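Thanks for coming, everyone. Let me put the structure up, and then I'll walk through it.

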Amino acid sequence: MAKSIIEGLKKHKILGRSGCCYPSAEKWEKVKKAKGSKRYIICNGSEGEPYSLKDGHILKYYPEYVVEGIKQALKEIKNSEAFIYLRKDYYWFFAPKLRKLAKGLPIAVIKKKGGYLAGEETVACQAIEGKEIEPRQRPPFVSESGLWECPTLVNNVETFYCAGKIARGEYKNERFFTVTGKVPKKGVFMLDKDSAVKEILEKTKNYPTFDFFARAGSEILLKNELDKKIEGLGCIIVYDKKRTNPIKLMKKWAQFVLDENCDKCAPCREGMFRIKEMISSKKLDKKTLEDIFFAMENTSFCPLGKNAPGPFRDIINKLM
Amino acid sequence: MKKINITINGKKIPTFEGKTILESAEENGIYIPALCSHSDLKVKANCRICCVEVLGELVPACSTNVSEGMKVSTDSEKVKRARKTNLELLFAQHAEECHDCVWNGACDLLKIAEENKVRINKFKDRKQKFPVYQFGQIIQFDSSKCIDCGNCIEVCKMQGVGFLEKKNNKSFNQVSPSSKWNVDCIYCGQCITHCPAGAFEAKGEFEEIEEPLKNKSKKIIFQFAPAVRSSIGEEFGMKEGSVVTGKIVSALKKLGADKVFDISVGADFTTVFEAKEVVERIKKNKNLPVLTSCCPAWVRYVELHYPKLIKNLSTARSPHIILGGLIKTYWAEKNKISPKDIIVISIMPCVAKKYEILKPRLKIKGFKPVDYVLTAREFSRLVKSKKIDFKNLKPKKADNVFGDPSGAGIIYGASGGVMESAFRTAYEKLSGKKLKDVNFIKARGLKGIKEAEIKIGKDIKKIAVVSGLGNVKEILNKALEYTCIEVMACPGGCIGGGGQPMPVNDRIRQKRSESLYSLDRHKKIRRAHENPIVKEILKENLSRKIFHTYHDKEFKNKNKII
């Protein structure tokens, strides 16, 4: 067993689950050492990505590890309080159990406000403070100034699960993957952390017999590209290549972003509108599209806009 | 602050830790285009036009702090590509109507578009069919021009009004007027001067400016406010703070005015009656504190939200209403003109004054004291449309008998001016002594809340001066501590008014205000009650109605979609 929990996180190379894969040990370290007396911890169970189910799975089957992880954080980070921030359905299902497990600890279980975007860490801070559902300017990072301007540790449910496992000496280099879409056995699976997409599909007996492509994070992978590892949320969606209309699919995605983004910054708000417009009219001007993708990826205010163009670009380049 | 060096486009530049890239660039004369940034407001970083390249990444200059040795590029290929695309996207939600825009085609949006060779109509306007809202009779908001920067919402909140809100409509948030029963526009017009896209304007700001001049058979009398004499020059490319009193008079004469009067003379009357009221209320210890009532946006705010304080508002009419009343009674009689043959037009720094003149209770013998209000912007547009070369006009003096104000009447245009003027007059009445130094420095300046204590005999009276309506709550919460409270809705007072030339910021407000104080300093007569015309008229037995009014509860106006 590692000496301290932070060393444990470092040793097992635990990464954040947001998609930018920030090393968790560093995050904990930063909050621990940040200036100021009061500190907060947010366990983020606000999973809003369509199809992803792993947070719910963990909360259902392993809540004691999650709470153990938060307990470790509370111990490690002086003068801190924690929030378990859950999307609405998870809140209704799991809050009683979590509250029971957290008895006697400074942990509050609260319900998420707003939609997909409210899962982003700065938006989560806004939501918990009862402010507008809108991302905050970074820097300052939440590790310096998060909830009520205090240093705040925001980690995914799974990260706290890992911390709990590590603390009990039970961590075995595994993580959770959601496999869904056109597969026989949809669900959440625990596999080796470094599994490639192909392996995941095979091991879960989900490897399709038909021609297909998969969405893994914000990337579209063809059959011959499945040797890639998958980071972040770990959600794989399989599509039947013959029976999927790429235009319809992109329209659905575009509408999702339009509905869920906050309309704060110009590139994300207007860019996604124009992408949808072009898709709907089936007049895809590649140069204009690339310019919009570029502006979104490079100048959007928050990760939602920055990551949004990926799957569109892939679909257009690989499937059309 | 620690001094550091950064490099912008290869040029080494000294700056300080804690500053943003945009601030550092501006202070060193390096231009970075920006739209949603305004020095009055918080950094929002919404428009993404000011993005610059640092270490291969694009970051918004307005919200990124500098660090030692930072290398910034403002015109790399990446920057240009992103900026151009974002501009095209912004224009795609902005209906261009440059011919009738409050910016007169001088907006940053268009300027940056030209610099970046942007095709402003690359996409079809997303907001083409978006509605135009009208708030009361006064302000119009064309939501098809809005670029969603959020400045108006923020400034409205900053004003303590919160009438403009973000509302969700089919996967988009858009700026909309509040439908809450107890929240309404007070017509301060700060949304107009803080909107980079010209989406807000006063009602009739374009189509109705020539209307007053159409009354050819009537005597056309113009009067101009204290605060426009140091701001209108900006509209004609003159330096900020240029005093153009004489040029305004000349231009008005060219426009066909029969007489041009100075509202600062009206202010002298307001001062005298307000000071009298202060003295009386102090003696009777009744309805204190006295709240000033020259600012119609503030009066509306009290009438909407603080009915209990209505009795505290001064009953003295505002300067242009008094002067209008005197023109249609005293002056009309002297010159044997029937008041129905007189048209009075005020040139104001303000849009709320358009609302004030609609109040029926201000009528005298059935006549409105003032028939039209033109904002400083509208006046300038009128001058330009008649091709009058304002900058090179030979200055003329305003006409007698209402052409020569005291210094006190001139400083009405800056926050603290009303208080200072009233103090110069009331002090003598209260203490029986002559005031040695008329300068009341503590009341001056752009700070939102100014407080002072005045010693009169053995008594110490506390006063407060508020500008920027959002600051007033703090003072009203402890209102009973004060004897007098001056409130102007706009930051810095009328020099920062909603009808003033654009752009506006604290630097410009400072310049406009300094000029007014300098005019005051050079005046021989600096106390309102010493103005000969004031003395003369007070001897006449004129109706009380010309100088006083009453205030009453107000209710929310219906917001129309037009």
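I'll go through domains, then the chain contact, then helix packing, then a few backbone details.

Ground rules before that. This is a predicted model: local features need pLDDT of at least 70, side-chain atom pairs count only at pLDDT 80 or more, and totals for chains, interfaces and linings use all residues. Residues are numbered from 1 along each chain as its sequence is written, while chains are lettered from A and ligands numbered from 1 in the order in which they are written.

Domains, then. Chain A has domain 1 at 5-167, domain 2 at 174-240 and domain 3 at 246-319. Those bounds come from an automatic or database domain assignment. Take domain 2 and domain 3 of chain A: their centres, over C-alpha atoms, are 24 Å apart. Six residues of domain 2 of chain A and seven residues of domain 3 of chain A make the contact. Contact here means that two residues have C-beta atoms, placed from the backbone, within 7 Å. On the domain 2 side, β7 (212-216) and β8 (219-222) of chain A are the elements that give two or more residues. β8(A) gives the most, with three residues. Helices (H or I, at least four residues) and strands (E, at least two) are DSSP runs, numbered from the N terminus. By class, that side of domain 2 of chain A has three nonpolar, one polar and two charged residues. The classes: Ala, Val, Leu, Ile, Met, Phe, Trp, Tyr, Cys and Pro are nonpolar; Asp, Glu, Lys and Arg are charged; the others, Gly among them, are polar.

Chain B splits into domain 1 (3-91), domain 2 (98-202) and domain 3 (211-546). The C-alpha centres of domain 1 and domain 3 of chain B are 41 Å apart. There is also a record to mention. An unreviewed UniProt entry annotates residues 78-117 of chain B as "domain: 4Fe-4S His(Cys)3-ligated-type". UniProt positions are in the numbering used here, feature names are shortened, and annotations may be inferred rather than shown by experiment. In the model, that span of chain B is 55% helix and 0% strand, and its end C-alpha atoms lie 15 Å apart.

Now the two chains together. Which elements of chain A each supply at least two residues of the side that touches chain B? First the totals: 20 residues of chain A contact 23 residues of chain B. The elements are α9 (246-260), α10 (266-281) and α11 (286-299) of chain A. α10(A) gives the most, with seven residues. This side of chain A has nine nonpolar, four polar and seven charged residues.

On to helix packing. In chain B, α7 (residues 263-284) and α13 (residues 417-431) have axes that come within 9 Å and cross at roughly 45°. So α7(B) is oblique to α13(B). Axes are lines fitted to C-alpha atoms, for helices over the stretch in contact, and angles run from 0 to 180 degrees between N-to-C directions. Under 35 degrees counts as roughly parallel, over 145 as roughly antiparallel, 65 to 115 as roughly perpendicular, and the rest as oblique. Among the residues that meet are B:Val272, B:Ala275 and B:Val279 in α7(B), and B:Ala422, B:Ala426 and B:Leu430 in α13(B). The contact has eight nonpolar, three polar and two charged residues.

Chain A has an oblique pair too. α4 (residues 63-76) and α5 (residues 88-101) of chain A pack at about 50°, with axes 10 Å apart. That angle is why α4(A) counts as oblique to α5(A). A:Pro63, A:Glu64 and A:Val67 in α4(A) meet A:Phe94, A:Lys97, A:Leu98 and A:Leu101 in α5(A). That is five nonpolar, no polar and two charged residues.

Next, α9(A) again. Its axis and that of α13 (residues 309-319) of chain A come within 10 Å and cross at roughly 175°. So α9(A) is roughly antiparallel to α13(A). A:Pro246, A:Leu249, A:Met250 and A:Trp253 in α9(A) meet A:Pro311, A:Phe312, A:Ile315 and A:Leu319 in α13(A). By class, that contact has eight nonpolar, no polar and no charged residues.

Last, the backbone. The peptide bond from A:Pro139 to A:Pro140 is cis, with omega near 5°. A:Pro140 sits in the loop between α6 (121-128) and β4 (152-156) of chain A. A:Glu149 is in the loop between α6 and β4 of chain A. A:Glu149 is not a glycine, yet has a positive phi of about 60°. In chain B, a cis peptide bond joins B:Leu288 and B:Pro289, with omega about 0°. B:Pro289 is in the loop between α7 and β13 (290-291) of chain B.
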